[in-house]
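I opened my notebook for a first look at this structure. Here is what I looked up, in the order I went.

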Amino acid sequence: MTETDTIATAAAATPAAEEATDLAALAELTAQRSAVYRLLARLYRVEVDEEFLTELKAMRFPAATGNTAVDAGYRAIATYLSGADAHTITDLAVDYVRAFIGHGVDAYSAAYPFESVHTSPKRLMMQEARDEVLAVYRSEGLDKLPSWKESEDHIALELEFMAVLGDRIVAAAEASDEAEVERLLSTQRNFLEDHLASWAPLMTADLRRFAQCGLYQGLASLTDGFLQVEEEFFDEIFEGEGDDSADEAAEGE
Amino acid sequence: MKDTSSFLDLALDDSMGFDPLGAFDDDVEEDAEEVTEGYLGTPHTDVPAPVVDTRPAPERIADLFSAMAPRRRTLLGMITFCAAPQTTDALDAEVDRLQADNFSVYSPASLANLLERAGALARVTADGEPYPEGDPEPVLVEVDGVSYYEAGEAPEVCWLATEDGAAYAEADKPLDRLTDLLSEDAKYATIYERILGLTAQESGASMPTINEAVDNDELLKSPRLYAPHFIDKLEKCDAVEWRDKSWRITEVGRAGQRIVADLVAAQAAPEPEAQADKAAHDAQ
């Protein structure tokens, strides 16, 4: 069952007696979504180390999720990991620098993982996008740790923010706090639309250009596909809301 | 997936009443300044073509050794070590041994990749067969009716010197280089003799010891030269090596000691012409 199927099933169960089941299904699904967000965040945050490589090699990657880009991404990552040898850590570290840091000064020499670079006219860091995401983090009572030396609009932090919200959704669902679940889902959706989904595809396009190893090529596909799935997920669970608003507006006229 | 290294922290209190939109104007200001994309004024939209060095392997290998001169001994040692297929772990250990007294920012993996790219080393299987191109396919498994990919197991990577790599290593004749050096620098034969003698001691010789022994020699006053100049030249000929915190003579250096002794003896002997003059003078 895909994420969309799961949430559709949950959304279809309207009787009060089934509400708890719906929330439980939502919690389970959201926990899975958060795990994917965290996997992506870790891959973007820093180079792969020995421990993480071992963890990746022990993972199972879904082969048929229903999203072509996700499937291609998982397959590319699994294929790369199949050929991993003793020098893989070094190869990945080199490719990480080549892909995300680059060696040029023209702002077009790497897949810069900062929203500001992709949304500001001069491709500069620390622009409006950074201020906006910082404000959103703080509105949820979050701030970056002092050990995080990059700016707040780094894709790893944006992905992690979605994961943290996911954790809170799980907690709220388990506490049967529907209002909080709805608020957090709405926050996730807005953040996805206003930030992640608005610029990540630009970065992943660059990532495909600069990365040479299969892991980061796969990461680009997986990111694209997963964000598409997320958008579809939110479209589906908020489907009725837009119609209701439209109906209300029509009635008002 | 286990991931405990979060960089987001619950550092703020929800009750602060922070309004995320309060800090921003609704109207987005247009950036009036001209946008420059790249130094040439055009966006770099083309996909960079992979750089492929099409030169023959011997040329690429020579180029690598020229560019990586300070790593020459390590690179040669790696090629020599890989005369038979060696596992990656074994090669890494050998590189660590070779660089034990000569730290490098290059990891064994980086050096192996450089030699592979130059055509001096090749990846092979444990049997010495060419390593399969590309990554092996992942394993497709089914769990509770759901298909998953699992990372497959690739054959172990071993490293083997190529014919071109082995030829380059065999062509390296440090004693010939040392002979040439001593011939060109015959004027400084006594300096070389002194340095090689010091480094031949059981405990080797520290840099201050060598400096003290040669820096004040009249020969080095004009042009002014210092001991490191000669140490560097001797090291490039593999005549001395830095080991256990002192300079020590090598087998090549010991052979050089004999050459330099002959040179010094020849220089000490009077010239034939001078001998004839002396004989004539004595006859008168």
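I began with the crossing of helices α8(A) and α9(A), which is left-handed (the near helix is turned anticlockwise from the far one by less than a right angle; clockwise would be right-handed). Next I looked up who makes the contact (C-beta atoms, placed from the backbone, within 7 Å): among them are A:Phe161, A:Leu165 and A:Ile169 of α8(A) and A:Leu184, A:Phe191 and A:Leu196 of α9(A). The residues of this contact divide into 14 nonpolar, three polar and three charged (Ala, Val, Leu, Ile, Met, Phe, Trp, Tyr, Cys and Pro are nonpolar, Asp, Glu, Lys and Arg charged, the others, Gly among them, polar).

I then noted that the two axes come within 10 Å and cross at roughly 160 degrees (lines fitted to C-alpha atoms, for helices over the stretch in contact, with angles from 0 to 180 degrees between N-to-C directions). The helices α8(A) and α9(A) are therefore roughly antiparallel (an angle over 145 degrees).

I reminded myself that this is a predicted model, in which local features need pLDDT of at least 70, side-chain atom pairs need 80 or more, and totals for chains, interfaces and linings use all residues. Residues are numbered from 1 along each chain as its sequence is written, while chains are lettered from A and ligands numbered from 1 in the order written.

I checked pLDDT (the predictor's confidence in each residue, 0 to 100): chain A has a mean of 88, with 87% of its residues at 70 or more. Over residues 1-14 of chain A the pLDDT is below 50. Where pLDDT is low, the predicted coordinates should not be read in detail.

Last, I turned to chain B and found eleven helices and eight strands (DSSP runs numbered from the N terminus: H or I of at least four residues, E of at least two).

Methods:
Contact = placed C-beta atoms within 7 Å. Parallel < 35°, antiparallel > 145°, perpendicular 65-115°, else oblique.
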